[in-house]
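Let's take a walk through this fold, from the overall layout down to individual side chains. Keep the structure open and turn it as you read.

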Amino acid sequence: MVSESFVHACAGGAGGLVAMTATYPLMAISTRAAVDRSKHPGESMVHAVTKVLSTEGVRGLYDGLGSSLLGIGVSNFVYYFFFEATRDFIITSKRLATSTSAALGTLTTAESIGAGLLAGTATALVSNPIWVVNTRQTVRATTEPVPPSQAADGKQHTKKVVQRLSFLETLRRVVEKDGVAALWKGIGPALVLVVNPVLQYTVFEQLKAWMLRSRAASRTPGSTKPLLGDIDFFWLGALSKLVATAVTYPQIVIKSRQQAMTSESSRGRKKGNVVTAMTEVIQEEGFGGLYRGISSKLLQSILTAAILFTSKERIYLLTKALLGKA
């Protein structure tokens with residue numbers, strides 16, 4: 001018999017694919033802005049999109065979509081599997097401890113945090129190589145020297161070269177140039193970012209529990225209408241992701257920059273922990289540097305979470321129904 005955790009994992013993975021496909025251009029713009037170290041961080045989201053469209057076309061907004069879909073599918077599958085398995089274990093333990101069959105179907109704040117930490121850590125370790133490749137594909141701009149003989153002023157220059165490489169080509173290039181360890185670049189801030197889904201799902205679970213209690217208290221006796229509908233899951237997902245992303249965004253910037261950095265571009269830069277990286281950004285660019293691309297990221301995160309939670313519930317119920325018939 002298929003476990004509940006596996007069904008939730010499949011539903012979460014499929015829901016993530018739907019959400020990421022719908023919102024990927026916003027993620028691409030946010031990633032490019034996050035890794036940009038220029039002195040002009042005030043570019044609006046609309047201007048950024050217009051610039052990409054004018055120079056690269058619509059395709060430029062979807063660079064790295066394939067690896068992103070792989071990454072979100074793997075990430076959501078692993079996260080939901082571990083989260084739901086831990087959730088079931090906690091609820092079962094509570095039922096056994098109280099020697100009752102009462103429906104203790106919700107987690108406390110502390111229990112949500114514990115389940116989220118375990119699921120988030122496992123997800124970060126498994127999926128980080130995929131996100132390194134995705135970041136390289138999204139940014140995908142490198143520099144190469146221009147000989148003085150080819151320059152108009154007869155001096156040495158460098159020029160930006162834009163390359164579109166497949167997932168496997170990008171993966172091979174990362175390993176060949178920077179070594180296998182480079183696939184786990186940014187794992188420090190990625191582990192710190194474990195608190196993002198922890199915050200997200202804690203807020204989601206607590207708001208969901210509050211809404212269920214409120215709806216149940218005012219429900220008409222004998223009614224068979226579900227307590228929560230698609231619109232409820234949409235807003236619960238959006239609000240919970242808004243809180244989580246706003247709190248943790250500086251770590252997203254640091255992670256993106258570390259994952260985009262090659263061995264050549266990292267020369268001359270300090271090597272240190274997350275705090276050192278944040279301090280360096282503040283010294284060079286001010287506090288605004290920690291929030292580059294936040295507008296498009298917030299919009300993308302809110303829409304992704306809202307679509308994810310809504311589609312996940314639908315896919316979960318559909319999968320359960322199909323398995324029931326089988």
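Helices and strands here are DSSP runs, with helices being H or I runs of at least four residues and strands being E runs of at least two, numbered from the N terminus. What you have on screen is a predicted model, in which local features need pLDDT of at least 70 and side-chain atom pairs count only at pLDDT 80 or more, while totals for chains, interfaces and linings use all residues. Residues are numbered from 1 along each chain as its sequence is written, and side-chain values use heavy atoms, with hydrogens and water left out.

Start with the overall layout. The protein chain has ten helices and two strands, and from the N terminus its elements run α-α-α-α-β-β-α-α-α-α-α-α. Burial comes up a lot below: buried means under 20% relative accessible area, exposed means over 50%, and partly exposed is in between (1.4 Å probe, protein chains only). Accessible areas come from the Shrake-Rupley method with a 1.4 Å probe, and for residues only the protein chains shown count as cover. The protein chain's accessible surface comes to about 16,800 Å², with 65% of that belonging to carbon and sulfur atoms. As for contacts (heavy atoms within 4.5 Å), take those in the protein chain with a separation of 6 or more: residues 24 or more positions apart account for 79% of them.

Back to Asp232 for a moment. Its relative accessible area is 14%, so Asp232 is buried. Setting aside neighbours within four places in sequence, Asp232 is in contact with Met211, Arg215 and Leu227.

Now for the inside. A nonpolar core is a set of buried Ala, Val, Leu, Ile, Met, Phe, Trp, Tyr and Cys residues joined through side-chain atoms within 4.5 Å. The largest one has 19 residues, and Tyr80, Phe83, Tyr201 and Phe309 have the most contacts inside it. At least two residues of this core come from each of helix H1 (4-35), helix H3 (65-98), helix H4 (109-139), helix H7 (195-217), helix H8 (230-260) and helix H10 (294-325). H3 gives the most, with five residues. Zoom in on Tyr80: leaving aside neighbours within four places in sequence, Tyr80 is in contact with His8, Ala9, Gly12, Ala85, Tyr201, Leu308, Phe309 and Lys312.

Tyr201 is also one of the buried residues of H7, a list that includes Asn196, Gln200 and Glu205. H7 has 23 residues and reaches 32 Å from its first C-alpha to its last, close to the 33 Å expected, where the expected span is 1.5 Å times one less than the number of residues. Helix H2 (residues 45-56) can be checked the same way: its twelve residues reach 16 Å, close to the 16 Å expected. Gly57 follows H2, with a positive phi near 80°.

Next, the charged pairs. A salt bridge is a side-chain nitrogen of Lys or Arg within 4 Å of a carboxyl oxygen of Asp or Glu, and the structure holds seven of them. In one, Lys94 pairs with Glu111, with the closest N and O atoms 3.4 Å apart. Lys94 lies in helix H3 and Glu111 in helix H4, so this pair ties together parts that are 17 residues apart in sequence. Lys94 counts as partly exposed, at 22% relative accessibility.

Arg172 and Glu176 make another salt bridge, at 3.8 Å from N to O. They are four residues apart in helix H5 (residues 167-178), which means that about one helical turn separates them. Arg172 is partly exposed at 46% relative accessible area, whereas Glu176 is exposed at 61%.

Buried or exposed: how does Glu285 count? Glu285 is buried, with a relative accessible area of 17%. Its salt bridge with Arg257 has its closest N and O atoms 2.7 Å apart, and the pair links helix H9 (residues 274-285) with helix H8, 28 residues apart. Arg257 is buried too, at 5%. Arg257, Glu285 and Arg292 are linked in a network of salt bridges.

Finally, look at the surface. Patches are made of residues with over 30% relative accessible area and no salt bridge, with like charges joined within 9 Å and nonpolar side chains (Val, Leu, Ile, Met, Phe, Trp, Tyr) within 5 Å. Phe6, Phe77, Phe81, Phe82 and Leu118 form a nonpolar one, with about 410 Å² of accessible area together. H3 supplies the largest share of this patch, three residues. Phe6 is found in helix H1 and is partly exposed, at 37% relative accessible area.
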